[in-house]
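Subject: Structure handover

Hello,

Here is the structure I said I would pass on. Notes on what was found in it follow below.

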Amino acid sequence: MKVLHVESGMHLYGGALQVVFLSRGLQRLGVENVLACPEGSAIAEASAQGGVAVRALPMGGDADVGLVARLRRLIATEKPDLIHLHSRRGADIWGGVAGRLSGIPVVLSRRVDNTESKWAVALKYRLYDRVVAISQGIQAVLASEGVPAGKLRCVPSAVDTEQYWPDTSGLDWFRQEFQLAPGQLAVGMVAQLIPRKGHQTLLDALPEVVKAHPGLKVLLFGQGPEAPRLEQRIAASPLLKTHVSLVGFRKDLQRVLPCLDLVVHPAFMEGLGVSLLQAAACGVPLVGGRAGGIPEIVRPGINGELIEPGDAAALAAAMTALLSSTEQRQAYGRAGRELVMSHFSIESMVRGNLAVYRELVG
């Protein structure tokens, strides 16, 4: 079997990282893979290192109608058995058209839980033979919008449990890197700096949390358009300025996450939450918003707690309780690691997608 993957992301995180996991895993199972991706993208280098054939193409987003012709030429050259579309920004629509015009089966991975208009759903999803949702939450949204059940499959995203594991050997480095005193509690949030991730809810909750834990340090990892607004709010508040740091995008989260005492993610919308999977794999307890696929990772009373999105009081209460109990945090951390190992391994994700392919290609 030969699969053409299409990923339009430039950076190696989120969906793009899942494509790397998938293509490498398929290679090990004897599936031939070709990746179409943007010129100069991080996924191109990572995939080539894993033995995947990389074909860099111009990808200009939703308005780039020319992507249809470029993908059709690539399909004619490579002769794949099917095409798997992994991202939006034009790759989903124009990739679907290219696959249909070329007469090969088309699979779309859906990684976000935002709703779409009825006319868009009616037209767009005709292009695909199967739609793979990365969480049950996304699958439910698609079903509610009218995507036929026969097209829908759920294959959760994966985390590399060999890279992300409960290794606290770097604790001294961590404290020095982020200017923490020995024994000082550290909470992290790992997410794009965009409104729907819930950073403002966390900032709203912190005054109550700091009352109980006056030495608390909160580290916000990520980048995005919400950064100026967050910076302004933090700078205007003596409390937030003391306790919160915007630390930007990090490529060494596997070293950072195990050293955190708690990871929070009070999102309003979330397809699944790969950063939560990574934190759980590192044995870190979680507090998340009851949205999208987050409840599939954060299990109340087992490995973390859930709050209603936007409920700062509930977030403060959950954070305060967990930060007050080392024993509870450790128990939740162990359970989180076990959950990831059993339900979100790379092998499970690879075999799940391969099963979808085999429905379409004998």
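Two strands pair if DSSP finds at least two bridges between them. Helices (H or I, at least four residues) and strands (E, at least two) are DSSP runs, numbered from the N terminus. This is a predicted model, in which local features need pLDDT of at least 70 and side-chain atom pairs count only at pLDDT 80 or more, while totals for chains, interfaces and linings use all residues. Residues are numbered from 1 along each chain as its sequence is written, and side-chain values use heavy atoms, with hydrogens and water left out.

Six strands make an open sheet in the order 10-9-8-11-12-13, with parallel pairing. Strand 10 (244-248) and strand 13 (304-307) are at the edges with a single partner strand each, so one side of each has no neighbour in the sheet. From one strand to the next the twist averages 20°. Strand 12 (residues 286-289) runs parallel to strand 13 and is joined to it by 4 bridges; Gly-289 is opposite Ile-307 in strand 13. Helix 12 (residues 274-281) packs on the sheet and touches strand 8 (186-190), strand 11 (262-265) and strand 12, where contact means heavy atoms within 4.5 Å. The direction of helix 12 makes about 165° with that of strand 11. Axes are lines fitted to C-alpha atoms, for helices over the stretch in contact, and angles run from 0 to 180 degrees between N-to-C directions.

Strands 5 and 6

Strand 5 (residues 106-110) and strand 6 run parallel, joined by 4 bridges, and Ser-109 is opposite Val-132 in strand 6. From strand 6 (residues 130-133), Arg-130 and Val-132 point one way and Val-131 and Ala-133 the other way; all are buried. Buried means under 20% relative accessible area, exposed over 50%, and partly exposed in between (1.4 Å probe, protein chains only).

Helices 8 and 9

The axes of helix 8 (residues 199-212) and helix 9 (residues 227-236) come within 11 Å and cross at roughly 10°. Helix 8 is therefore roughly parallel to helix 9, a label for angles under 35 degrees. In this contact, His-199, Gln-200, Leu-203 and Asp-204 of helix 8 meet Arg-229, Leu-230, Arg-233 and Ile-234 of helix 9.

Cysteines

The structure holds 0 disulfides, a disulfide being a pair of cysteine sulfur atoms within 2.5 Å. For Cys-259, the closest cysteine sulfur is in Cys-282, at 9.0 Å, too far for a bond. Cys-259 is buried, at 6% relative accessible area, whereas Cys-154 is partly exposed, at 28%.

Regards

Methods: Angles under 35 degrees count as roughly parallel, over 145 as roughly antiparallel, 65 to 115 as roughly perpendicular and the rest as oblique.
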